[in-house]
Amino acid sequence: MSKTVQEKQVVRSNENIFLFIPNLIGYTRIILASLSLYYMPWHPKVCVTLYCISCLLDAVDGNAARYFNQCSKFGAVLDMVTDRSTTTCLLCFLSLQYPSWTILFQFLISLDFSSHYMHMYSSMISGSSSHKKIDEKQSWYLRMYYTNNIVLFVMCAGNELFFVALYVLKFAQLNLFWMITLSFTGIICFAKQFINVIQIVNASKTLAAIDQEDRAKSTSEQKE
C-alpha cells in the first residue's frame, strides 16, 4: 500500500531580508571597514576615521533592527562576522608592525573567533532564540555583558580603541595622552578577553550537557 507523502508548506513573508535597514547599515560597515584597510598602511587619519565610524555603526544597526521591527538571523550573523573580520584584519596588521608580539595577536584572534563561534553554536542547538539571551543559571558576568547595552558598548569600544591606539602609535610619538589611553583601554581590552574565555567555558559546558543528554537518550532507546 503506497503512502502519500505530504510536504509541509513553508509560509514565508514577501519581505526582502537583505534590504532591511539594519542590514543596509551592516553593508555600509563592511564598505567602510574595507576602505580603512586600504588606507591602513599609509594614511592613519583616514584609516582611523573610517574604522571608527564602521565600529560606531555597530551600535546603530541593533537599535535600528528593534526600532523598525527588522530583527533577523541573517542580520545577527552579518553583524558578528563583520565584527570578527574587522578586528582580525587590524590585528594582522599589528602583528606586522609589532613582530615580537605576533604570537599574542595570533592568540587574541583565535580566542575571539573560537569563543564567539562556540557561543553562537551552543545557543543555536540549545534552542535559544538569540546568542544574547543568557540563562540565569549561567555566568552573571556574561549575562551582564549581553543584556546591558552600556556595558556591551564600553567593552567593545574600549577593546577596539586599544588596538587602534597601538596602530596610531606606529605613526605618532608616545606621550602622556597616549599612555593614559593605552592604560585605560588596555584594562577594558583585558576584561573583554576575560569575557571571551567565559564564553568558551560556558559554551563548552552547554555542549557537553547536550551530548550527555543525547547519549543517555540513545542508550535508553537501545535498551528498549
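A helix axis here is a line fitted to C-alpha atoms over the stretch in contact, and the angle between two axes runs from 0 to 180 degrees between N-to-C directions. Keep that in mind for the second stop. The model is predicted.

**Stop 1: the whole chain.** Show the protein chain as a cartoon. What does its secondary structure come to? There are eight helices and zero strands. Read from the N terminus, the elements run α-α-α-α-α-α-α-α. Along its principal axes, the C-alpha trace spans about 80 × 40 × 30 Å.

**Stop 2: H1 and H3.** Select residues 21-39 for helix H1 and residues 58-67 for helix H3. Two packed helices are described by the angle between their axes and the distance between the axes. H1 and H3 pack at about 165°, and their axes lie 8 Å apart. Angles over 145 degrees count as roughly antiparallel, so H1 is roughly antiparallel to H3. Their crossing is left-handed.

**Stop 3: the contact.** Now show side chains. Which residues of H1 make the contact? Pick Ile-21, Pro-22, Ile-25 and Arg-29.

**Stop 4: H7.** Select residues 149-168, which form helix H7. H7 has 20 residues. From first C-alpha to last, H7 reaches 28 Å, close to the 28 Å expected at 1.5 Å a residue.

**Stop 5: the cap.** Which residue caps the N-terminal end of H7? Select Asn-148. A side-chain oxygen of Asn-148 lies 3.0 Å from the backbone nitrogen of Ile-150.

Terms used
Residues are numbered from 1 along each chain as its sequence is written. This is a predicted model: local features need pLDDT of at least 70, side-chain atom pairs count only at pLDDT 80 or more; totals for chains, interfaces and linings use all residues. Side-chain values use heavy atoms; hydrogens and water are left out. Helices (H or I, at least four residues) and strands (E, at least two) are DSSP runs, numbered from the N terminus. Angles under 35 degrees count as roughly parallel, over 145 as roughly antiparallel, 65 to 115 as roughly perpendicular and the rest as oblique. A crossing is left-handed if the near helix is turned anticlockwise from the far one by less than a right angle, and right-handed if clockwise. Contact means heavy atoms within 4.5 Å. The expected span of a helix is 1.5 Å times one less than its number of residues. A polar contact is a pair of N or O atoms within 3.5 Å; within protein, one must be able to donate a hydrogen and the other to accept it, and residues adjacent in sequence count only if both atoms are side-chain atoms.
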